[in-house]
Amino acid sequence: MTAPLSGRTIVLGVSGSIAAYKSVEVTSRLVQAGAEVEVVMTEAATKFIGPLTFRGITGHEPFVDLWATAGPHAEPHVALGRSADLYLIAPASASTIARIAHGIADDFVSLTALAMRAPVLIAPAMDAQMWANPATQDNVALLRARGVEFLGPVEGRLASGEVGAGRLMEPAAMVDHARARIGREYGDLAGTRIAVTAGGTREPADPVRFIGNRSTGKMGHALAEAACDRGAEVVLITSAELAAPAAAEVVHVETAEQMLGALQQHVPGCEALIMAAAVADYRPAESLPHKQKRGGLEHWSLDLERNPDLIASIQREGLIKVAFAAETDDVLRNAAHKLVAKDAHLMIANDVSAKDAGFAVDTNRVVILDRDGGCDELPLLSKYDCSHRILDRLAPLLAHSADA
Ligand code: CTP
């Protein structure tokens, strides 16, 4: 699978907080996502976590001592400020935020902030009272006004045992936001808003039973992830219980009717719609208000009625539509027919009877059909890589519709 941060340099600033141990996981996740990570630390951070740990993960010596003379650069903070694609400060203590807001550069984290040319993300971690203090809030407002983005803090249990706003955002979510921020800065979908649907809809027969299908939502969630990584604002309308990219706006739905309602609400603000959801074609005409007891009926016949065709019913001037064709036979002919019937710009055809492609697996093998009769047969790919190939085709259509 292509690493989403490959070729990117991220400077990670660690300041003094009990949550500093979590920055080790952040570092590891960034490295696993392909980034080159350089760590800068305050002296206070070294009381909580050793530089050696970061060195082991990144392969680079962290910068701590302002007066150190070793290393290739006479002014490492300036070199880091030039080479970074992103500066993530996690955890950021109240005093680190204050120093950065006021341009005081007396430790490596605040010094690097002053020399930074790349976007800055700050993930605070502190006691709730310290976060709520007007001094901190004023500093945060000052930095926000200068374009600094804050990740959290989130509500939860704090080191003091109290519950409140002050917890460091979870490392996985933080890395998702870092990826999306890089996407918005350098990605080809920056400035676009895309709705993605995912998962199989569940059509209730009674409060405990539903008619569903084998879709797990993996393809739709991978598309949302890839689109966030390329800088799009994503609204993910999903029936799946899978992790969603933290940077996406997530709307949970169950039924086709709810999915339609969400589409009607969100698509008007979007330039593109990617319908990866496996929408149930039929739903029980009636959903019983109480559980159907086993002893109650010898036979239970469900009367099914047809759901609306969601993608065909969503019409908006300039909207680019990408549909999927889940087929078990005559894949290309059926997909070409659906491209027209659904008024789609691209149709992603996949043979859902194949073992390594389609439902519930991490790979897919698709053919992309377009309105000009083009037919692009892709090899077996991870769903994330497959998503990028689909977005490679969507990006020029979006650029073209923006020009029109
Ligand atoms: N779709 C939709 N609304 C439906 C059914 C499907 O919007 N009620 C969308 C799917 O999300 C997909 C595309 O239409 O992007 C094709 O879905 P598919 O299940 O392959 O086709 P169907 O329209 O259900 O046709 P058929 O049952 O004949 O294969």
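Strand β16 gives the most to the lining of the largest pocket, with four residues. Strands here are DSSP runs of E with at least two residues, helices are runs of H or I with at least four, and both are numbered from the N terminus. The model is predicted, so local features need pLDDT of at least 70 and side-chain atom pairs count only at pLDDT 80 or more, while totals for chains, interfaces and linings use all residues. Residues are numbered from 1 along each chain as its sequence is written, and side-chain values use heavy atoms, with hydrogens and water left out.

The largest pocket has a volume of about 760 Å³. A pocket is an open set of points on a 1 Å grid over the protein atoms alone, with protein on both sides within 12 Å along at least five of seven lines; a cavity is a set where a 1.4 Å probe fits but cannot get out, and lining residues have an atom within 4 Å of a point. Volume is the space filled by probe spheres set on the points, which are joined across faces, edges and corners. The largest pocket has 37 lining residues, and A277, A278, V279, F324 and A326 lie nearest its centre. At least two lining residues come from each of α10, β15 (304-306), α12 (310-313) and β16 (320-327).

The second largest pocket holds about 530 Å³ of space. It is lined by 22 residues, with F63, A70, H73, P76 and F108 closest to its centre. Helices α4 (76-83) and α6 (108-115) give two or more residues to this lining, and α4 gives the most, with five.

Helix α10 packs against α14 (residues 383-403) at an angle of about 60°, with the axes 8 Å apart. Residues in contact (heavy atoms within 4.5 Å) include M219, L223 and E225 of α10 and Y384, H388 and L391 of α14.

Conventions
Axes are lines fitted to C-alpha atoms, for helices over the stretch in contact, and angles run from 0 to 180 degrees between N-to-C directions.
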